[in-house]
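Q: Hi! Could you walk me through this protein with me?
A: Happy to, here it is.

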Amino acid sequence: MKNCATCGMPLKKKEDFALSDENSQFCAYCVNPDGSVKSGEEIFNGGVQFFLGALGGEKKFAERITRKNMSQLPYWQEHAFESLKGDMATDEEFQLAMSKL
């Protein structure tokens with residue numbers, strides 16, 4: 001199974017892929033209508049909202065989980081942005097959070 005290169009979302013069905021293109025390395029949520037990748041800040045904020053909805057808790061925790069998640073994706077090694085700086089979830093916190101999804 002493929003995962004989105006920018007947010008890590010599992011790409012299971014055609015509709016999950018950017019522009020429904022199963023050859024894309026991105027999900028439908030991380031691209032603009034023209035197929036370009038959204039900004040890091042937009043994707044970060046989307047991740048925070050996802051984790052808040054999925055896990056509940058405080059926004060700061062969702063930010064730490066999102067930061068950990070995105071920092072592990074190779075795409076962000078080459079496309080760093082301001083919100084990736086800051087407190088990050090520990091490996092244990094991250095694994096526990098992922099196990100709840």
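A: We'll talk about the cysteines, then about helix 1.
A: This is a predicted model, where local features need pLDDT of at least 70 and side-chain atom pairs count only at pLDDT 80 or more, while totals for chains, interfaces and linings use all residues. Residues are numbered from 1 along each chain as its sequence is written, and side-chain values use heavy atoms, leaving out hydrogens and water.

Q: Is Cys30 buried or exposed?
A: Cys30 is buried, at 3% relative accessibility. Buried means under 20% relative accessible area, exposed over 50%, and partly exposed in between (1.4 Å probe, protein chains only). Cys4 is buried too, at 1%.

Q: New topic: which residues of helix 1 are buried?
A: They are Gly40, Ile43, Phe44, Gly47, Val48 and Phe51. These residues lie on the same side of helix 1, because they cover an arc of only 145° around the axis (taken from the directions from the helix axis to the C-beta atoms). Helices are DSSP runs of H or I with at least four residues, numbered from the N terminus.

Q: What's on the face turned away from that buried side?
A: The exposed residues Gln49 and Gly53 are there.

Methods:
Helix = DSSP H or I, 4+ residues; strand = E, 2+ residues; numbered from the N terminus.
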